Amino acid sequence: CGVFGIYNHREAPQLTYLGLHALQHRGQESAGICASDGEKWYKHRGMGLVAEAFGKGDLEKFKGHIAIGHTRYTTAGSSKIENAQPLFFRYAQGSMAVAHNGNLVNAALLRKELEAKGSIFQTTSDTEVIAHLIARSERTDLPGAVKDALQHIKGAYALCVMNERQLVIALDPNGLRPLSLGRLGDAVCVASETCAFDIIGAEYWRDVQPGELIVVDENGIVESTHTEKTQRSMCIFEYIYFARPDSDIDGINVHMARKRLGKQLAAESAIDADVIIGVPDSSISAAIGFAETTGIPYEIGLIKNRYVGRTFIQPSQELRERAVHMKLSAVRKVVEGKRVVMIDDSIVRGTTSNRIVRMLREAGAKEVHVRISSPPVMNPCFYGIDTSTRDELIAATKSVEEIRQAIEADSLAFLSVEGMQEAIGRKDSTAPNNGHCLACFTGQYPTEIDFEEALPALK
Ligand code: 5GP
Ligand code: SF4
Ligand code: MG
(Lines give C-alpha, C1' and ligand atoms only; values in the text may rest on other atoms or scores of the structure.)
(Ligands and ions follow the chains in the order given, each with its own letter.)
Protein backbone atom coordinates (compact mmCIF):
# COMPACT_ATOMS: atom_id res chain seq x y z
CA CYS A 1 0.00 0.00 0.00
CA GLY A 2 0.91 3.66 -0.20
CA VAL A 3 0.28 6.25 2.51
CA PHE A 4 0.46 10.01 2.31
CA GLY A 5 -0.18 12.77 4.84
CA ILE A 6 0.16 16.54 4.97
CA TYR A 7 -0.31 19.17 7.66
CA ASN A 8 -0.60 22.93 7.39
CA HIS A 9 -1.41 23.53 3.74
CA ARG A 10 -4.58 25.19 2.47
CA GLU A 11 -4.78 22.69 -0.35
CA ALA A 12 -3.98 19.64 1.77
CA PRO A 13 -6.58 17.29 0.18
CA GLN A 14 -5.65 18.33 -3.37
CA LEU A 15 -1.95 17.73 -2.70
CA THR A 16 -2.82 14.38 -1.13
CA TYR A 17 -4.65 13.45 -4.32
CA LEU A 18 -1.53 14.25 -6.35
CA GLY A 19 0.64 12.35 -3.87
CA LEU A 20 -1.57 9.29 -4.21
CA HIS A 21 -1.06 9.33 -7.96
CA ALA A 22 2.69 9.03 -7.36
CA LEU A 23 2.03 6.11 -5.00
CA GLN A 24 -0.35 4.35 -7.38
CA HIS A 25 2.12 1.51 -8.07
CA ARG A 26 1.93 0.55 -4.38
CA GLY A 27 -1.74 -0.40 -4.62
CA GLN A 28 -4.46 -0.33 -7.23
CA GLU A 29 -7.42 -1.89 -5.51
CA SER A 30 -8.79 1.17 -3.79
CA ALA A 31 -7.88 4.72 -2.85
CA GLY A 32 -9.15 7.30 -0.39
CA ILE A 33 -8.56 10.62 1.32
CA CYS A 34 -9.69 12.04 4.68
CA ALA A 35 -9.23 15.73 5.42
CA SER A 36 -10.27 18.28 8.00
CA ASP A 37 -10.38 22.08 8.24
CA GLY A 38 -10.17 21.91 12.03
CA GLU A 39 -13.88 21.31 12.51
CA LYS A 40 -15.52 19.55 9.60
CA TRP A 41 -14.38 16.29 8.00
CA TYR A 42 -14.17 15.60 4.29
CA LYS A 43 -13.86 11.98 3.20
CA HIS A 44 -13.95 9.90 0.08
CA ARG A 45 -12.98 6.32 -0.74
CA GLY A 46 -13.45 4.31 -3.91
CA MET A 47 -12.41 1.11 -5.64
CA GLY A 48 -9.72 0.92 -8.30
CA LEU A 49 -7.04 3.39 -9.36
CA VAL A 50 -6.92 6.86 -7.82
CA ALA A 51 -8.38 8.29 -11.03
CA GLU A 52 -11.24 5.78 -10.87
CA ALA A 53 -11.86 6.08 -7.13
CA PHE A 54 -12.21 9.85 -7.42
CA GLY A 55 -14.82 10.86 -9.94
CA LYS A 56 -15.60 14.33 -11.22
CA GLY A 57 -16.56 16.52 -8.28
CA ASP A 58 -15.35 14.18 -5.54
CA LEU A 59 -12.26 16.26 -4.90
CA GLU A 60 -13.89 19.67 -5.35
CA LYS A 61 -15.93 19.30 -2.18
CA PHE A 62 -12.78 18.75 -0.10
CA LYS A 63 -11.39 21.47 2.17
CA GLY A 64 -8.85 21.48 4.94
CA HIS A 65 -5.31 22.10 6.08
CA ILE A 66 -4.74 18.53 7.19
CA ALA A 67 -5.22 15.35 5.15
CA ILE A 68 -4.17 11.73 4.83
CA GLY A 69 -4.55 9.36 1.89
CA HIS A 70 -4.06 5.73 0.97
CA THR A 71 -3.71 3.45 -2.06
CA ARG A 72 -4.53 -0.14 -1.20
CA TYR A 73 -2.97 -3.43 -2.20
CA THR A 74 -4.72 -6.28 -0.42
CA THR A 75 -2.57 -8.56 1.68
CA ALA A 76 -4.79 -8.84 4.77
CA GLY A 77 -8.55 -8.71 4.54
CA SER A 78 -10.39 -8.83 1.26
CA SER A 79 -10.63 -6.39 -1.61
CA LYS A 80 -13.83 -4.46 -1.00
CA ILE A 81 -14.94 -0.95 -0.23
CA GLU A 82 -15.32 -1.49 3.54
CA ASN A 83 -11.60 -2.26 3.69
CA ALA A 84 -10.61 0.76 1.60
CA GLN A 85 -8.58 3.29 3.57
CA PRO A 86 -8.28 5.72 5.28
CA LEU A 87 -10.63 4.14 7.84
CA PHE A 88 -12.69 6.72 9.73
CA PHE A 89 -14.00 6.33 13.29
CA ARG A 90 -16.03 8.22 15.87
CA TYR A 91 -15.23 7.26 19.44
CA ALA A 92 -15.34 8.65 22.97
CA GLN A 93 -12.60 11.22 22.31
CA GLY A 94 -13.97 12.45 18.98
CA SER A 95 -13.08 11.36 15.46
CA MET A 96 -10.01 9.97 13.77
CA ALA A 97 -8.85 8.62 10.43
CA VAL A 98 -6.21 5.91 9.96
CA ALA A 99 -4.07 4.98 6.94
CA HIS A 100 -1.71 2.02 7.22
CA ASN A 101 0.89 0.34 5.01
CA GLY A 102 2.16 -3.04 6.13
CA ASN A 103 0.82 -6.15 7.74
CA LEU A 104 0.43 -6.92 11.42
CA VAL A 105 1.49 -10.43 12.43
CA ASN A 106 -0.70 -10.62 15.54
CA ALA A 107 -3.88 -9.03 14.16
CA ALA A 108 -6.03 -12.17 14.30
CA LEU A 109 -5.14 -12.78 17.93
CA LEU A 110 -5.77 -9.15 18.92
CA ARG A 111 -9.07 -9.16 17.06
CA LYS A 112 -10.20 -12.24 19.02
CA GLU A 113 -9.22 -10.58 22.31
CA LEU A 114 -10.98 -7.35 21.38
CA GLU A 115 -14.11 -9.17 20.26
CA ALA A 116 -14.16 -11.08 23.53
CA LYS A 117 -14.22 -7.67 25.26
CA GLY A 118 -17.14 -6.50 23.14
CA SER A 119 -15.55 -4.79 20.13
CA ILE A 120 -17.55 -5.00 16.93
CA PHE A 121 -15.49 -4.96 13.74
CA GLN A 122 -16.83 -3.52 10.51
CA THR A 123 -13.99 -4.58 8.24
CA THR A 124 -11.68 -7.57 7.82
CA SER A 125 -8.63 -5.28 7.61
CA ASP A 126 -5.94 -5.48 10.29
CA THR A 127 -5.89 -1.69 10.33
CA GLU A 128 -9.20 -1.65 12.21
CA VAL A 129 -7.50 -3.50 15.06
CA ILE A 130 -5.16 -0.52 15.47
CA ALA A 131 -8.13 1.85 15.59
CA HIS A 132 -9.91 -0.22 18.27
CA LEU A 133 -6.75 -0.22 20.37
CA ILE A 134 -6.47 3.56 20.00
CA ALA A 135 -10.13 3.99 21.01
CA ARG A 136 -9.70 1.76 24.07
CA SER A 137 -6.65 3.57 25.39
CA GLU A 138 -7.01 5.42 28.70
CA ARG A 139 -5.11 8.31 27.17
CA THR A 140 -7.39 11.06 25.96
CA ASP A 141 -4.87 12.71 23.60
CA LEU A 142 -4.46 11.16 20.15
CA PRO A 143 -0.64 10.82 20.19
CA GLY A 144 -0.75 9.20 23.64
CA ALA A 145 -3.49 6.80 22.59
CA VAL A 146 -1.60 5.88 19.40
CA LYS A 147 1.52 5.22 21.44
CA ASP A 148 -0.52 3.02 23.79
CA ALA A 149 -2.03 1.07 20.90
CA LEU A 150 1.36 0.44 19.31
CA GLN A 151 2.53 -1.39 22.44
CA HIS A 152 0.15 -4.24 21.53
CA ILE A 153 0.75 -4.67 17.82
CA LYS A 154 3.52 -6.61 16.09
CA GLY A 155 4.62 -6.66 12.49
CA ALA A 156 4.96 -3.99 9.83
CA TYR A 157 3.28 -0.63 9.98
CA ALA A 158 3.90 2.72 8.40
CA LEU A 159 1.05 4.65 9.90
CA CYS A 160 -0.70 8.00 9.51
CA VAL A 161 -3.44 8.86 12.00
CA MET A 162 -5.25 12.21 12.13
CA ASN A 163 -7.99 14.03 13.95
CA GLU A 164 -9.24 17.57 13.28
CA ARG A 165 -6.01 19.14 14.53
CA GLN A 166 -3.18 16.62 14.67
CA LEU A 167 -1.28 14.38 12.31
CA VAL A 168 0.42 11.43 14.01
CA ILE A 169 3.04 9.44 12.08
CA ALA A 170 4.55 6.15 13.27
CA LEU A 171 6.84 3.44 11.96
CA ASP A 172 7.22 -0.09 13.35
CA PRO A 173 10.29 -1.01 15.46
CA ASN A 174 11.92 -2.75 12.46
CA GLY A 175 11.19 -0.03 9.94
CA LEU A 176 9.99 -2.75 7.58
CA ARG A 177 8.19 -0.41 5.19
CA PRO A 178 9.64 2.84 3.88
CA LEU A 179 8.30 6.18 5.12
CA SER A 180 9.78 9.60 4.42
CA LEU A 181 9.17 13.16 5.58
CA GLY A 182 9.12 16.23 3.39
CA ARG A 183 8.50 19.96 3.62
CA LEU A 184 6.56 22.27 1.38
CA GLY A 185 6.91 25.82 2.64
CA ASP A 186 5.38 25.73 6.14
CA ALA A 187 3.68 22.41 5.49
CA VAL A 188 5.02 19.04 6.64
CA CYS A 189 4.29 15.97 4.54
CA VAL A 190 4.84 12.26 4.88
CA ALA A 191 4.80 9.59 2.18
CA SER A 192 5.62 5.94 1.61
CA GLU A 193 8.03 7.05 -1.10
CA THR A 194 9.92 10.20 -1.96
CA CYS A 195 8.48 10.22 -5.51
CA ALA A 196 5.31 11.64 -3.92
CA PHE A 197 7.26 14.72 -2.80
CA ASP A 198 8.55 15.40 -6.30
CA ILE A 199 5.03 15.48 -7.73
CA ILE A 200 3.83 18.13 -5.25
CA GLY A 201 7.06 20.12 -5.30
CA ALA A 202 7.98 19.32 -1.71
CA GLU A 203 11.52 19.01 -0.48
CA TYR A 204 12.72 15.72 1.01
CA TRP A 205 13.51 16.18 4.70
CA ARG A 206 14.43 12.76 6.12
CA ASP A 207 13.32 9.13 6.45
CA VAL A 208 11.21 8.16 9.46
CA GLN A 209 13.27 5.91 11.75
CA PRO A 210 12.22 2.52 13.17
CA GLY A 211 10.17 3.01 16.36
CA GLU A 212 9.57 6.72 15.72
CA LEU A 213 6.41 8.59 16.63
CA ILE A 214 6.04 12.07 15.13
CA VAL A 215 3.26 14.51 15.96
CA VAL A 216 2.50 17.55 13.83
CA ASP A 217 -0.01 20.15 15.02
CA GLU A 218 -0.41 23.88 15.66
CA ASN A 219 2.45 23.73 18.18
CA GLY A 220 4.91 22.44 15.59
CA ILE A 221 6.62 19.08 15.20
CA VAL A 222 7.35 16.74 18.10
CA GLU A 223 9.77 13.95 17.24
CA SER A 224 9.71 11.06 19.72
CA THR A 225 9.64 7.26 19.88
CA HIS A 226 6.98 4.71 20.78
CA THR A 227 9.54 2.06 21.71
CA GLU A 228 13.24 1.84 22.51
CA LYS A 229 13.48 -1.75 21.28
CA THR A 230 14.26 -1.15 17.66
CA GLN A 231 16.28 -3.00 15.07
CA ARG A 232 16.21 -1.85 11.51
CA SER A 233 15.16 -4.39 8.90
CA MET A 234 13.95 -2.53 5.84
CA CYS A 235 12.25 -4.77 3.28
CA ILE A 236 14.86 -5.47 0.59
CA PHE A 237 12.04 -6.13 -1.91
CA GLU A 238 11.28 -2.43 -1.92
CA TYR A 239 14.58 -1.97 -3.77
CA ILE A 240 14.17 -5.07 -5.94
CA TYR A 241 10.63 -4.66 -7.11
CA PHE A 242 8.11 -2.67 -5.15
CA ALA A 243 9.26 0.96 -5.01
CA ARG A 244 9.34 3.37 -7.92
CA PRO A 245 12.75 3.86 -9.59
CA ASP A 246 12.75 7.62 -8.96
CA SER A 247 12.31 7.16 -5.19
CA ASP A 248 15.18 7.17 -2.72
CA ILE A 249 14.95 4.90 0.32
CA ASP A 250 17.36 5.89 3.07
CA GLY A 251 19.24 7.98 0.55
CA ILE A 252 19.68 5.10 -1.91
CA ASN A 253 18.05 5.66 -5.28
CA VAL A 254 15.94 2.69 -6.33
CA HIS A 255 16.83 2.79 -10.05
CA MET A 256 20.56 2.97 -9.26
CA ALA A 257 20.23 0.10 -6.77
CA ARG A 258 18.45 -2.02 -9.41
CA LYS A 259 21.11 -1.22 -11.94
CA ARG A 260 23.78 -2.40 -9.50
CA LEU A 261 21.74 -5.58 -8.91
CA GLY A 262 21.93 -6.18 -12.66
CA LYS A 263 25.68 -5.55 -12.72
CA GLN A 264 26.21 -7.93 -9.82
CA LEU A 265 24.02 -10.54 -11.53
CA ALA A 266 26.19 -10.24 -14.65
CA ALA A 267 29.33 -10.66 -12.54
CA GLU A 268 27.88 -13.82 -10.99
CA SER A 269 26.25 -15.44 -14.02
CA ALA A 270 27.20 -13.85 -17.34
CA ILE A 271 26.52 -15.81 -20.52
CA ASP A 272 27.35 -15.48 -24.19
CA ALA A 273 24.34 -13.98 -25.97
CA ASP A 274 23.25 -11.48 -28.64
CA VAL A 275 20.83 -9.26 -26.80
CA ILE A 276 19.74 -8.36 -23.25
CA ILE A 277 16.12 -7.54 -22.56
CA GLY A 278 14.29 -6.60 -19.37
CA VAL A 279 10.73 -7.30 -18.35
CA PRO A 280 9.05 -3.91 -18.12
CA ASP A 281 8.84 -1.89 -16.01
CA SER A 282 10.50 -3.11 -12.85
CA SER A 283 13.37 -5.01 -14.51
CA ILE A 284 14.56 -2.42 -17.02
CA SER A 285 17.09 -0.91 -14.61
CA ALA A 286 18.62 -4.32 -13.82
CA ALA A 287 18.74 -5.21 -17.53
CA ILE A 288 20.62 -2.00 -18.29
CA GLY A 289 23.11 -2.84 -15.55
CA PHE A 290 23.53 -6.40 -16.84
CA ALA A 291 24.15 -5.12 -20.38
CA GLU A 292 26.62 -2.51 -19.18
CA THR A 293 28.74 -5.13 -17.40
CA THR A 294 28.61 -7.82 -20.11
CA GLY A 295 28.98 -5.46 -23.08
CA ILE A 296 26.06 -7.23 -24.81
CA PRO A 297 23.58 -4.68 -26.22
CA TYR A 298 20.45 -3.81 -24.28
CA GLU A 299 17.31 -3.78 -26.38
CA ILE A 300 13.61 -3.25 -25.92
CA GLY A 301 12.39 -6.77 -26.57
CA LEU A 302 9.16 -6.62 -24.62
CA ILE A 303 6.48 -3.95 -24.73
CA LYS A 304 4.08 -3.39 -21.92
CA ASN A 305 0.54 -2.28 -22.48
CA ARG A 306 0.40 0.50 -19.96
CA TYR A 307 -3.36 0.49 -19.75
CA VAL A 308 -3.51 -2.87 -17.99
CA GLY A 309 -2.86 -3.07 -14.24
CA ARG A 310 -0.06 -4.99 -12.58
CA THR A 311 -0.82 -8.69 -12.97
CA PHE A 312 0.16 -9.63 -9.44
CA ILE A 313 -2.46 -7.41 -7.96
CA GLN A 314 -5.35 -9.35 -9.53
CA PRO A 315 -6.55 -11.49 -6.67
CA SER A 316 -7.25 -14.82 -8.42
CA GLN A 317 -4.73 -17.05 -10.20
CA GLU A 318 -6.97 -17.32 -13.24
CA LEU A 319 -7.21 -13.55 -13.68
CA ARG A 320 -3.50 -13.21 -13.13
CA GLU A 321 -2.76 -15.68 -15.94
CA ARG A 322 -5.07 -13.97 -18.41
CA ALA A 323 -3.64 -10.59 -17.56
CA VAL A 324 -0.08 -11.59 -18.53
CA HIS A 325 -1.12 -11.88 -22.20
CA MET A 326 -2.96 -8.61 -22.18
CA LYS A 327 0.00 -6.96 -20.63
CA LEU A 328 3.13 -7.89 -22.60
CA SER A 329 4.16 -8.50 -26.16
CA ALA A 330 7.51 -9.38 -27.73
CA VAL A 331 9.23 -7.21 -30.34
CA ARG A 332 9.80 -9.83 -33.02
CA LYS A 333 12.47 -7.91 -34.95
CA VAL A 334 14.59 -7.62 -31.77
CA VAL A 335 14.53 -11.27 -30.71
CA GLU A 336 14.12 -13.24 -33.95
CA GLY A 337 17.04 -15.64 -34.50
CA LYS A 338 18.81 -14.26 -31.42
CA ARG A 339 20.25 -15.68 -28.24
CA VAL A 340 18.28 -13.63 -25.74
CA VAL A 341 19.00 -12.95 -22.07
CA MET A 342 15.77 -12.05 -20.31
CA ILE A 343 16.19 -10.23 -17.00
CA ASP A 344 13.40 -10.21 -14.43
CA ASP A 345 13.45 -8.89 -10.88
CA SER A 346 11.94 -11.93 -9.18
CA ILE A 347 10.35 -15.33 -9.59
CA VAL A 348 7.51 -15.97 -7.18
CA ARG A 349 5.13 -18.52 -8.66
CA GLY A 350 7.05 -18.81 -11.91
CA THR A 351 4.06 -18.09 -14.11
CA THR A 352 5.36 -14.76 -15.45
CA SER A 353 8.75 -16.15 -16.47
CA ASN A 354 7.20 -19.17 -18.16
CA ARG A 355 4.79 -17.02 -20.18
CA ILE A 356 7.54 -14.69 -21.29
CA VAL A 357 9.95 -17.48 -22.28
CA ARG A 358 7.21 -18.97 -24.46
CA MET A 359 6.32 -15.57 -25.90
CA LEU A 360 9.97 -14.96 -26.84
CA ARG A 361 10.27 -18.35 -28.51
CA GLU A 362 7.04 -17.77 -30.42
CA ALA A 363 8.59 -14.51 -31.60
CA GLY A 364 11.58 -16.47 -32.97
CA ALA A 365 14.21 -16.29 -30.22
CA LYS A 366 16.86 -18.99 -30.78
CA GLU A 367 17.78 -19.32 -27.09
CA VAL A 368 16.24 -17.79 -23.98
CA HIS A 369 18.43 -17.42 -20.90
CA VAL A 370 16.71 -16.16 -17.78
CA ARG A 371 18.57 -14.13 -15.16
CA ILE A 372 16.81 -13.00 -12.01
CA SER A 373 18.05 -9.95 -10.09
CA SER A 374 17.11 -11.41 -6.69
CA PRO A 375 17.60 -14.79 -4.99
CA PRO A 376 14.92 -17.52 -5.02
CA VAL A 377 11.86 -16.56 -2.93
CA MET A 378 11.46 -19.54 -0.64
CA ASN A 379 9.41 -18.14 2.25
CA PRO A 380 6.17 -16.21 2.53
CA CYS A 381 6.15 -12.56 3.54
CA PHE A 382 4.04 -11.62 6.55
CA TYR A 383 4.77 -7.91 6.33
CA GLY A 384 2.65 -6.67 3.49
CA ILE A 385 4.22 -7.82 0.21
CA ASP A 386 2.08 -10.48 -1.36
CA THR A 387 4.45 -13.38 -1.79
CA SER A 388 1.63 -15.70 -0.78
CA THR A 389 1.73 -18.99 0.99
CA ARG A 390 4.69 -21.32 0.82
CA ASP A 391 3.00 -23.86 -1.48
CA GLU A 392 2.57 -21.18 -4.14
CA LEU A 393 6.28 -20.29 -4.15
CA ILE A 394 7.99 -22.29 -6.87
CA ALA A 395 11.43 -22.04 -5.20
CA ALA A 396 10.09 -23.43 -1.92
CA THR A 397 9.94 -26.91 -3.40
CA LYS A 398 11.99 -26.83 -6.60
CA SER A 399 15.74 -26.57 -7.23
CA VAL A 400 17.10 -23.99 -9.68
CA GLU A 401 17.38 -26.73 -12.33
CA GLU A 402 13.78 -27.80 -11.71
CA ILE A 403 12.60 -24.21 -11.98
CA ARG A 404 14.54 -23.83 -15.25
CA GLN A 405 12.64 -26.82 -16.62
CA ALA A 406 9.32 -25.51 -15.36
CA ILE A 407 9.78 -22.12 -17.02
CA GLU A 408 11.25 -23.80 -20.14
CA ALA A 409 14.39 -21.63 -20.26
CA ASP A 410 17.73 -22.64 -21.82
CA SER A 411 19.48 -21.54 -18.67
CA LEU A 412 18.52 -19.88 -15.40
CA ALA A 413 20.43 -18.14 -12.64
CA PHE A 414 19.44 -16.12 -9.60
CA LEU A 415 21.43 -13.47 -7.75
CA SER A 416 23.13 -14.56 -4.50
CA VAL A 417 21.93 -13.20 -1.16
CA GLU A 418 25.39 -11.71 -0.49
CA GLY A 419 25.62 -10.20 -3.98
CA MET A 420 22.18 -8.63 -3.57
CA GLN A 421 23.14 -6.93 -0.33
CA GLU A 422 26.47 -5.77 -1.70
CA ALA A 423 24.78 -4.31 -4.79
CA ILE A 424 22.17 -2.36 -2.85
CA GLY A 425 25.01 -0.87 -0.89
CA ARG A 426 23.29 -0.10 2.39
CA LYS A 427 25.82 -0.28 5.20
CA ASP A 428 24.54 -0.58 8.74
CA SER A 429 26.68 -2.19 11.39
CA THR A 430 24.06 -1.74 14.12
CA ALA A 431 21.66 -4.34 12.71
CA PRO A 432 21.87 -7.80 11.08
CA ASN A 433 22.02 -7.98 7.25
CA ASN A 434 23.02 -4.30 7.06
CA GLY A 435 19.56 -3.38 8.32
CA HIS A 436 17.59 -5.35 5.72
CA CYS A 437 14.78 -7.83 6.05
CA LEU A 438 15.73 -10.84 3.89
CA ALA A 439 13.14 -13.23 5.30
CA CYS A 440 11.52 -14.30 2.05
CA PHE A 441 14.96 -15.43 0.87
CA THR A 442 16.48 -16.73 4.10
CA GLY A 443 13.51 -17.64 6.31
CA GLN A 444 14.89 -15.49 9.14
CA TYR A 445 12.03 -13.22 10.13
CA PRO A 446 12.93 -10.04 12.00
CA THR A 447 9.84 -10.27 14.25
CA GLU A 448 8.22 -13.12 16.12
CA ILE A 449 5.85 -15.01 13.84
CA ASP A 450 3.09 -17.20 15.12
CA PHE A 451 2.77 -19.38 12.02
CA GLU A 452 -0.54 -20.91 13.11
CA GLU A 453 -2.00 -17.45 13.29
CA ALA A 454 -0.13 -15.55 10.60
CA LEU A 455 -0.65 -18.05 7.78
CA PRO A 456 -4.47 -18.13 7.74
CA ALA A 457 -4.43 -14.36 8.04
CA LEU A 458 -2.63 -14.19 4.69
CA LYS A 459 -5.51 -15.75 2.80
P1 5GP B 1 5.53 -14.87 -10.69
O2 5GP B 1 4.84 -14.92 -12.00
O3 5GP B 1 6.82 -15.61 -10.65
O4 5GP B 1 4.61 -15.33 -9.60
O5 5GP B 1 5.80 -13.36 -10.34
C6 5GP B 1 7.01 -12.71 -10.59
C7 5GP B 1 6.77 -11.47 -11.42
O8 5GP B 1 5.74 -10.70 -10.81
C9 5GP B 1 7.96 -10.56 -11.56
O10 5GP B 1 8.02 -10.16 -12.91
C11 5GP B 1 7.64 -9.34 -10.70
O12 5GP B 1 8.12 -8.16 -11.32
C13 5GP B 1 6.14 -9.35 -10.63
N14 5GP B 1 5.52 -8.93 -9.37
C15 5GP B 1 4.37 -8.22 -9.29
N16 5GP B 1 4.04 -8.01 -8.01
C17 5GP B 1 4.97 -8.57 -7.24
C18 5GP B 1 5.15 -8.66 -5.81
O19 5GP B 1 4.38 -8.15 -5.01
N20 5GP B 1 6.23 -9.33 -5.40
C21 5GP B 1 7.12 -9.90 -6.29
N22 5GP B 1 8.17 -10.54 -5.82
N23 5GP B 1 6.97 -9.82 -7.62
C24 5GP B 1 5.91 -9.18 -8.10
FE1 SF4 C 1 10.29 -7.66 2.23
FE2 SF4 C 1 10.73 -10.28 1.94
FE3 SF4 C 1 10.95 -9.15 4.34
FE4 SF4 C 1 8.56 -9.38 3.18
S5 SF4 C 1 9.89 -11.06 3.88
S6 SF4 C 1 9.34 -7.59 4.24
S7 SF4 C 1 9.08 -9.08 1.00
S8 SF4 C 1 12.23 -8.75 2.53
MG1 MG D 1 8.11 -7.80 -13.45
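In this predicted model, Tyr7 stands opposite Val188, a residue of strand S10. Strand S1, covering residues 2-7, and strand S10, covering residues 187-191, run antiparallel and are joined by 4 bridges. Strands of a sheet pair through backbone hydrogen bonds, and such pairing can be either parallel or antiparallel.

The two strands belong to an open sheet of 7 strands, whose order is S3-S2-S4-S1-S10-S9-S11 and whose pairing is antiparallel. At the edges of this sheet stand strand S3 (41-47) and strand S11 (203-207), and because each of them has a single partner strand, one side of each is left without a neighbour in the sheet. From one strand to the next, the twist averages 15°. Helix H1, made of residues 12-22, lies across S1, strand S2 (30-36), S3, strand S4 (66-72) and S10, and it runs at about 20° to S4.

The unreviewed UniProt entry places the feature "active site" at Cys1. Is Cys1 buried or exposed? A residue counts as buried if 20 or more other C-beta atoms lie within 10 Å of its own, and Cys1, with 25 C-beta neighbours inside 10 Å, therefore counts as buried. Leaving aside residues up to four places away in sequence, Cys1 touches Arg26, Gly27, His70, Thr71, Arg72, Tyr73 and Asn101.

A second sheet, also open, is formed by 4 strands in the order S17-S20-S21-S22, and here the pairing is parallel. Strand S17 (275-278) and strand S22 (411-414) stand at its edges, and since each has a single partner strand, one side of each is left without a neighbour in the sheet. On average, neighbouring strands of this sheet are turned by 20° against each other, with direction ignored. Strand S21 (residues 367-372) and S22 run parallel and are joined by 4 bridges, and within this pair the bridge partner of His369 is Ser411 in S22. Helix H9 (residues 284-294) packs on the sheet, where it touches S17, strand S20 (339-344) and S21, and its direction makes about 160° with that of S17. Helix H14 (residues 400-407) packs on the sheet as well, touching S21 and S22, and the direction of H14 makes about 130° with that of S22.

We now turn to a group of cysteines. According to the unreviewed UniProt entry, the annotation "binding site" covers Cys235, Cys381, Cys437 and Cys440. Although these residues span 206 residues in sequence, no two of their C-alpha atoms are more than 10.2 Å apart, so they gather at one spot. Which residues come nearest to ligand 2? Of the 12 residues around ligand 2, those that come nearest are Cys235, Cys381, Cys437, Ala439 and Cys440. The shell around ligand 2 divides into 11 nonpolar residues, 1 polar residue and no charged ones.

Cys437 lies in strand S23, which covers residues 436-437, while Cys440 is found in helix H16, which covers residues 439-442. Because Cys437 has 28 C-beta neighbours inside 10 Å, it counts as buried, and Cys440, with 26 C-beta neighbours inside 10 Å, counts as buried too. Not counting residues up to four places away in sequence, Cys437 touches Asn174, Leu176, Ser233, Met234, Cys235, Ile236 and Pro446.

Notes: Residues numbered from 1 in each chain as written. Chains lettered and ligands numbered in written order. Predicted model: local features only at pLDDT ≥ 70, side-chain atom pairs only at ≥ 80, totals over all residues. UniProt positions renumbered as here; feature names shortened; annotations may be inferred. Buried ≥ 20, exposed ≤ 12 C-beta atoms within 10 Å, placed from the backbone. Contact = placed C-beta atoms within 7 Å. Near = placed C-beta within 6 Å. Nonpolar A, V, L, I, M, F, W, Y, C, P; charged D, E, K, R; others polar. Pairing = 2+ DSSP bridges. Axes fitted to C-alpha atoms, helices over the stretch in contact; angles between N-to-C directions.
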